[in-house]
Every structure is written in C-alpha cells, then in structure tokens.
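Please work through each task before reading its solution.

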Amino acid sequence: MQYREDKHGNKLSVLGLGCMRFRDKAETERMILAAIEGGVNYFDTAYIYPGSEVTLGGILAKHNKRKDVYIATKLPLMMCKSPTDFDKLFNTQLNRLQTDYIDYYMMHNISSFGQWKNLCEMGIEDWLAEKKKSGQIRQVGFSYHGTCEDFIKTLDSYPWEFCMIQYNYYDENYQAGRRGLQAAAEKGVMVTIMEPLLGGRLATGLPKQAVEMFAKADPNASPADWALWWLWNQPEVTVVLSGMNSLKQMESNMRAAANSRSLSDKELAVYAGVVEIFRKSYKIPCTSCDYCLPCPKGINIPACFSAYNARYAQGLVTGFTLYLTSTAPMTKKPLSPHSCNNCGKCEKHCPQHIPIRKELKKVARKFEPLPIRWVLALVRRFM
C-alpha cells in the first residue's frame, strides 16, 4: 500500500474504503479485515448510509481495530433543523461507531454556498470549535456536490482541513472538478475523491471499443485500474475512495494501489480516446448513489438509468435485460417508470441535479413503447 499525508502529517492509504454500499455482513467483515491487513486505513461512512456506521463500528470493536484506522463520517445537513440537532446526531454517530472521537468529520453534501451560510447562522462554527477542543472531532471538512464557483466560496469561508469531491477521468470538469481540486491543494486542504469509477461505470460499463483501447495499452490492467491510476497520478489527490462490496474487489483495488505510478504522456493520451468513445454512449449522468430512493412508487430509479446507459454502451440485449430485472414488468404491480406520478421528491435529493422525471420518461419510451406496454398489460391480465 502507498500512503500520502494529510494537512497534519498523518499517513493515509491512497485507497480508502467507501462504506455506502455494504451488503452481506459476513463478506463485509472479511473485506474490512483484509483491507486493514493490506494497509488500508481510511474508512468513509455517513449517518444516512443505511446500517453503515453500525456495521463498521461493530466490526472494528469486535476485532479491536479502532486505533488502527481513521474514520471519516458526515453530519446530515438535511436533518439539522436547529442547533440542538448537532449534538443529537453526532452522539448517535459516536454510539453507532462505538468510539469516542471521529478522525475526519464532514458537513455532508454541500451543494451551494448558501447551505454553509445557513449552518453558520445556526452556530455550527462554535459547535465545531468546541468539539475540536474536546478532541471528539480531530479534523473538519465537507463533501461537495455543486458548482465550482460555490465550491471555492465555501472553501474560502472556513479553515477547512479536508474536503471530498466527485472526480474521475470522465468528470474531470464536473462540479468542483480539476479547478476545485487545485484550489483546495493551494490552500493546503486535503482532498479525498468519491465516485472514482462513476458508480462502477468506468469499471464494468465501458463500451467494448473503450475496453479494447485500455487493453491494447496494457493487457494486464483492468479498466478500474486505469481509472484509479489516473487519480493517483495527481499529487493533489490524497485518498481515493472506492465503494467496494466484495473481497475480490478489495484485493483488485489494493493491487492497483500498490502498482500505481506516474503515467506517461502516451498513457494519458489513452484516456482522451476512451472519454470520446464513452461520452457518445453515456446518456444519463447517474452514479447510483441511491440518494433519490426510496421512490414513493417503488421505482428503482438508478437501475432504470443504468439499463438505459447500458443499452447505448453495451447493446440492446444487455440494456433490456437490466431493465427487465429492475422493473419487474411481468408482475401484477410492475415498478415501471410509467408509474412515476411527478412528485419530484427524487430530484430534491439528487447530488447530480439530474432532471429525474424527464429522464424517466425517456427510459420508459425506449424500453416500453406503446405496443410493448399493450403486450405486457395483456400478459398480466392472465397471471
């Protein structure tokens, strides 16, 4: 494992474990222990990740590993209605994680400078100062989904020690982007990266031609390796988070971290070709973060978008298969995008600011044009 230092000289593994997508509990335990054994020491969770803080805290406590790792978690801004909520939420997190301090504490999902100003008006700065003085919070940061301009305003408004941004070779200039990354580095603010694989699309969702382009440049490297290497090639990046949910993925990404090195101009040129191919096939910029869920109508929005993108990137058969498995069209109550009632709840929580209702209509038209809807309705009548 390779390491880079934060603002205070702590050595952090360049690969961090993003804990949003834990699945099987036994597999998660094996994965976390293997990660620690392999040198991974940065674990990122959040209050709103279902079961994540409890699972992580329980495993670390069970194996007496708390002092071997750095825990990053986040204050859910949407749940902060008054200053009393700060302590209430924070204490819940300490209990879930079975710890008495948080190494890296973030304001979760800031998408505008106004959000940070509202927190300041509620007294967040004094609260953070008290927590830092007591040692309950070691370092303060924020995760970000918004424009670069508001990112820089937020960056300049408080003595942040770290931040987390969405960044990958496809989204180089999206949200905070490269400009935000460099602005943070210039201020000495550590940067951690989320969505390095664009919700897995840069690992398993590339068009065949793009995969072949990477393989021709290095037949021993996977598309995921290339995506991670692009990030580690930049000294401004300290930790790259990967939402691994299996031991196999963990081992593969640890090998990539161990083998990362400076990329040549020839290798960097490969990314430009891949981006050009991928951009033509990637229609909806969904990263499957699941913040839009649950949908009141039960629609699996990320799965629908994944199927739509796969239809263009990997072909009609793959896309339609994914659509069928995620919408249950042969059941008496299908979870089709046609069920959307335009309530807009999903769009309020989408970090990518996707016009979800509009995009769901596109998905429905592509996979369930009127003749197919008639056939499905007829079949369901006799079920």
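**Exercise 1. The largest cavity**

The lining of the largest cavity comprises 11 nonpolar residues, three polar residues and one charged residue. The model is a predicted one.

*Task.* State the volume of the largest cavity, and identify which residues lie closest to its centre and which element gives the most to its lining.

*Solution.* 
1. The volume of the largest cavity is about 90 Å³.
2. Its lining consists of 15 residues, and those closest to the centre are C286, C289, C292, C350 and I354.
3. Helix α13 gives the most to this lining, with three residues.

**Exercise 2. The second largest cavity**

*Task.* Determine how many cavities of 30 Å³ or more are counted, and describe the lining of the second largest cavity.

*Solution.* 
1. Two cavities of 30 Å³ or more are counted.
2. The second largest cavity holds about 80 Å³ of space.
3. Of the 14 residues lining the second largest cavity, C295, C340, N341, C343 and C346 lie nearest its centre.
4. Two or more residues of this lining come from each of the elements α15 and α16 (356–367).
5. By class, the lining of the second largest cavity has eight nonpolar, three polar and three charged residues.

**Exercise 3. Packing of α13 against α14**

*Task.* Decide whether α13 and α14 are roughly parallel or roughly antiparallel, and list the residues through which they meet.

*Solution.* 
1. Two packed helices are described by the angle between their axes and the distance between the axes.
2. For α13 (residues 301–313) and α14 (residues 316–327), the angle is about 170° and the axes are 7 Å apart.
3. Angles over 145 degrees count as roughly antiparallel; α13 and α14 are therefore roughly antiparallel to each other.
4. On the α13 side, the contact involves A303, C304, S306, A307, A310 and R311. On the α14 side, L316, T318, G319, L322, Y323, S326 and T327 take part.
5. The residues of this contact divide into seven nonpolar, five polar and one charged.

**Exercise 4. The second largest pocket**

*Solution.* 
1. Helix α15 gives the most, with three residues.
2. The lining of the second largest pocket comprises six nonpolar, seven polar and two charged residues.

Note on methods. Residues numbered from 1 in each chain as written. Predicted model: local features only at pLDDT ≥ 70, side-chain atom pairs only at ≥ 80, totals over all residues. Heavy atoms only, no water. Axes fitted to C-alpha atoms, helices over the stretch in contact; angles between N-to-C directions. Helix = DSSP H or I, 4+ residues; strand = E, 2+ residues; numbered from the N terminus. Parallel < 35°, antiparallel > 145°, perpendicular 65-115°, else oblique. Contact = heavy atoms within 4.5 Å. Nonpolar A, V, L, I, M, F, W, Y, C, P; charged D, E, K, R; others polar. 1 Å grid on protein atoms, 1.4 Å probe; cavity = no way out; pocket = protein on both sides within 12 Å on 5 of 7 lines; lining within 4 Å. Points joined across faces, edges and corners; volume = space filled by probe spheres on them.
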